[in-house]
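Notebook open, structure on screen.

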Amino acid sequence: EEEALDIARWDLECEFNNTDHRTELNGVERLIVRRGQSFTINLHLRSGVYQPGGSALDLTVETGPQPSDQYGTQASFGLTDQIDTSRWSAAITSPPGNMVSLSICSPPDAPIGRWRLTLGQGGRVDFVLLYNPWCSGDVVYMDSEEKLREYILAQDGIIYRGGWKYPIPTPWNYGQFEDGILNACLRILDMNPKCLRNPGKDASGRRNPIYVSRVLSAMVNCNDDKGVLQGRWTDDYDGGVSPLSWKGSVEILRNWDTNACQPVRFGQCWVFAAVACSVSRALGIPCRLVTNYNSAHDTNSNLVIERYVDENGQLVQKSRDMIWNYHCWVENWMTRPDLKPGFDGWQVMDPTPQEKSEGVYCCGPIPLKAIKEGELTDKYDAPFVFAEVNADVHTFMKRKDGSTKKIISSVHVGLKISTKSVGSDRREDITHLYKYPEGREIHYDTTVTCHQDTPMSHYTTIWHQESR
């Protein structure tokens with residue numbers, strides 16, 4: 001007859017576990033581990049000794065406010081001879097005695113976030129579970145220690161601004177391991193409208209970095225929710241500070257977290273992207289910030305930017321279509337089991353509020369490969385990102401007599417797409433990941449179904465990139 005272990009106290013071995021799971025930069029005061037990798041708890045018994053085959057321990061883990069087996073947000077399990085890394089499991093790794101080393105492992109697709117572990121009748125343990133890009137079974141797995149040092153662990157980075165002729169490197173402190181930042185990131189997930197509507201389903205959705213990236217894209221701006229940043233693109237920054245004054249994400253995230261989730265004022269594209277990068281890295285999703293020079297903002301999804309100038313070449317008619325001298329977004333690294341093969345790897349996610357997607361200001365994630373190949377029916381928001389780097393610019397001159405004439409435009413969009421190099425401060429040009437070299441003739445068939453907020457229910461565009 002197996003006898004339940006009589007536990008007097010336990011030691012979470014936070015310093016050992018957090019270091020082993022590469023979370024020690026968050027501090028070692030609490031247990032922060034990554035999924036698909038075992039961690040150790042030392043149990044001190046009140047009476048008796050642990051005997052293999054003669055001792056039992058019932059364990060339960062749960063996350064979210066409505067834990068359920070069906071949603072994968074709860075699991076009950078006992079001791080086994082050895083750890084099973086495909087599901088929640090536990091094994092004793094120490095010799096018989098009154099101190100027991102208990103090894104526990106989560107599956108590599110467990111939802112991330114705050115978990116509660118109940119040890120038999122002995123007590124309750126709280127821990128945080130993160131994505132694990134070091135684990136080959138995790139969909140965010142990245143097979144390069146050097147890249148993981150850059151895209152998960154590096155807290156300092158460079159953002160490219162300026163213009164395409166002279167990209168200006170700007171240092172930024174992502175600070176994803178600074179005090180309080182992980183709590184702020186978890187709170188962003190908890191404040192998202194999907195969580196407020198259905199917390200049980202949302203907690204389950206957190207297993208999936210596609211879902212979480214989409215939530216972050218919506219929550220870094222405050223347009224539809226209690227998001228982090230409010231944008232402003234005029235020179236009036238009353239009631240806040242100029243986006244140019246920020247030097248890092250830490251102050252922004254702390255301000256939001258300590259001021260009851262009131263939006264921090266103000267941000268522009270590089271600030272939105274930088275905060276999204278900090279949050280992605282904090283949660284364990286490899287992430288990098290990207291700058292696109294001469295970035296098109298195509299409001300009506302016709303892949304054409306129409307500009308009107310006067311006889312002196314000055315822009316006259318305000319169009320909702322526009323070209324930014326640069327625009328920043330992030331790329332998150334993950335596999336895409338929801339798409340056909342070939343679309344794993346970097347995915348564009350843009351938290352700057354520009355156009356609505358499924359009724360909310362968010363954008364992505366969309367595979368770079370889909371943009372390069374013109375596969376614009378894939379989710380999410382491929383036509384919009386495709387236009388940012390590929391739209392044609394049509395310039396019309398409005399004469400004084402009211403007539404218009406189309407003129408040849410020298411403006412090309414999607415130039416010098418840039419990110420910080422791995423392990424160095426050099427600029428890496430990644431334009432080739434988004435588009436084929438100019439001069440190749442490509443025909444893209446981009447028949448796609450629009451979102452509700454586009455006036456036409458369907459549109460068909462044959463996109464033709466000509467030799468230039």
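I started with the hairpin: β8 and β9 make one, with six residues between them. This is a predicted model, so I kept in mind that local features need pLDDT of at least 70. I looked up how the two strands run and got antiparallel, with four bridges joining β8 (residues 89-92) to β9. One pair I noted down is Ile92, whose bridge partner in β9 is Leu102.

Next, how many residues of β9 are buried? I got six of the seven in residues 99-105, so I wrote the strand down as mostly covered under the 20% cut-off for buried.

β9 also pairs with β4, again in the antiparallel sense, over six bridges. I picked Thr40 to follow, which sits in β4 (residues 39-45). Its bridge partner in β9 is Ser103. Is Thr40 buried or exposed? Its relative accessibility is 19%, and buried means under 20%, so Thr40 counts as buried. I then listed what Thr40 touches, skipping residues up to four places away in sequence: Leu12, Glu13, Phe16, Asn17, Ser101 and Leu102.

Then I moved to helix α2 (residues 145-153), where I found Leu148, Glu150, Tyr151 and Ile152 buried. Looking down the axis of α2, I saw its buried residues fall within an arc of 165 degrees, so they line one face of the helix. I checked what covers these buried residues, and the cover includes β3 (32-34), α8, β16, β19 (345-349) and β25 (415-420).

On to the cores. Which residues touch the most other members of the largest nonpolar core? I got Trp172, Leu229, Ile252 and Leu283, out of 56 residues. Among the elements that each supply at least two residues of this core are β11 (123-130), β12 (156-162), α7 (250-258) and β18 (322-334). The most comes from α8, with 12 residues. Apart from this core I found another, of 32 residues, with Met142, Leu376, Phe386 and Ile430 among them.

Leaving out neighbours within four places in sequence, I have Ile252 in contact with Trp172, Val228, Leu229, Trp246, Val264, Val271 and Val275.

Last entry: Pro437, in the loop between α11 (431-434) and β27 (442-445). Its relative accessible area is 54%, so I put Pro437 down as exposed. I also took its C-alpha to C-alpha distance to Ser89 and got 51 Å, for a pair 348 residues apart in sequence.

Key. Residues numbered from 1 in each chain as written. Predicted model: local features only at pLDDT ≥ 70, side-chain atom pairs only at ≥ 80, totals over all residues. Heavy atoms only, no water. Buried < 20%, exposed > 50% of the residue type's maximum accessible area, 1.4 Å probe, protein only. Contact = heavy atoms within 4.5 Å. Core = buried A, V, L, I, M, F, W, Y, C linked by side-chain atoms within 4.5 Å. Arc of directions from axis to C-beta. Pairing = 2+ DSSP bridges.
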